Amino acid sequence: MKILDFAIDVEQAEHDLYQRLANCTDNLGVKAIFRMVASDERKLLNRLRKLKEDPANGELELHSQPKSQNAISRQQGGSCELLEQNHVRDDLSSYSYILRTEQLLLNLYKNMLEGETDFETRELLEMILAEKQEEIDRLHMLYEFISSPLQFMD
């Protein structure tokens with residue numbers, strides 16, 4: 001399996017999921033959060049597609065098999081129902097949901113890296129991991145910022 005094809009498919013599915021979730025809610029804050037994260041996913045997607053344009057990168061094969069290849073696709077069925085199932089009703093719960101989803105993907109890429117033997121494929125996975133970790137770190141900061149007034153009131 002070609003690593004860039006796999007990563008592009010996963011990131012596209014994630015982007016599409018966040019876009020659909022944004023369209024499922026009337027809460028402007030939740031809608032904005034899902035759109036912001038979808039925009040971040042679009043940036044990573046564009047970067048991956050640009051890397052794929054280089055013939056050397058486009059041929060990089062994944063030598064290990066992902067343990068949970070459908071981390072996002074399992075969450076896509078009936079996107080609007082996901083908001084209710086995960087109790088996404090406000091900004092905090094939307095960040096919490098996104099953080100859980102992002103952590104699933106981060107773990108997927110980490111598992112892939114652990115089993116990978118090819119140096120160039122490992123480098124690409126490390127770049128993707130760094131991008132995903134940066135997204136998660138930023139989301140944690142936003143989550144803490146939004147939740148801090150609630151913690152102060154306790």
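**Bridges and a disulfide: a short tour**

Let's start with Cys24. At 25% relative accessibility, Cys24 counts as partly exposed. A word on that term: buried is under 20% relative accessible area, exposed is over 50%, and partly exposed is in between, with a 1.4 Å probe and protein chains only.

Before going on, the ground rules. This is a predicted model, where local features need pLDDT of at least 70, side-chain atom pairs count only at pLDDT 80 or more, and totals for chains, interfaces and linings use all residues. Residues are numbered from 1 along each chain as its sequence is written, and side-chain values use heavy atoms, with hydrogens and water left out.

Back to Cys24. Which residue does Cys24 form a disulfide with? The partner is Cys80, and the two sulfur atoms are 2.0 Å apart. The cut-off for a disulfide is a pair of cysteine sulfur atoms within 2.5 Å. A search of the whole structure finds one disulfide. Cys24 sits in the loop between H1 and H2, while Cys80 is in helix H5, residues 79–85. That pair links distant parts of the chain, 56 residues apart. Helices here are DSSP runs of H or I, at least four residues long, numbered from the N terminus. Cys80, at 42% relative accessibility, is also partly exposed. The torsion about the S-S bond is about -75°, so the disulfide is left-handed.

Next, the charged pairs. Side chains of opposite charge can pair when their charged atoms come close. We call it a salt bridge when a side-chain nitrogen of Lys or Arg is within 4 Å of a carboxyl oxygen of Asp or Glu. How many does a search of the whole structure find? It finds 10 salt bridges.

Look at Lys132. Its side chain meets that of Glu11 in a salt bridge, 3.1 Å from N to O. Lys132 lies in helix H7 and Glu11 in helix H1, residues 3–23, so this pair ties together parts that are 121 residues apart in sequence. Is Lys132 buried or exposed? Lys132 is buried, with a relative accessible area of 0%. Glu11 is buried too, at 0% relative accessibility.

Lys132 has another partner, Glu14, with the closest N and O atoms 2.7 Å apart. Glu14 is in helix H1 and Lys132 in helix H7, so to speak two distant parts of the chain, 118 residues apart. Both Glu14 and Lys132 are buried.

These residues belong to a network of salt bridges. Its members are Glu11, Glu14, Glu41, Glu102, Lys132 and Glu135.

Now another bridge: Arg138 with Asp40. Their closest N and O atoms are 1.8 Å apart. Arg138 lies in helix H7 and Asp40 in helix H2, residues 28–53, so the pair ties together parts that are 98 residues apart in sequence. Arg138 is partly exposed, at 30% relative accessible area. Asp40 counts as buried, at 14%.

Stay in helix H7, residues 119–153, for Glu131. Which residues does Glu131 touch, not counting those up to four places away in sequence? Leu44 and Arg47. Contact means heavy atoms within 4.5 Å. Glu131 and Leu106 are 25 residues apart in sequence and 9.6 Å apart in space, C-alpha to C-alpha.

Last stop: Ser93, in helix H6, residues 91–115. Ser93 is buried, with a relative accessible area of 14%. Leaving aside neighbours within four places in sequence, Ser93 is in contact with His87 and Val88.
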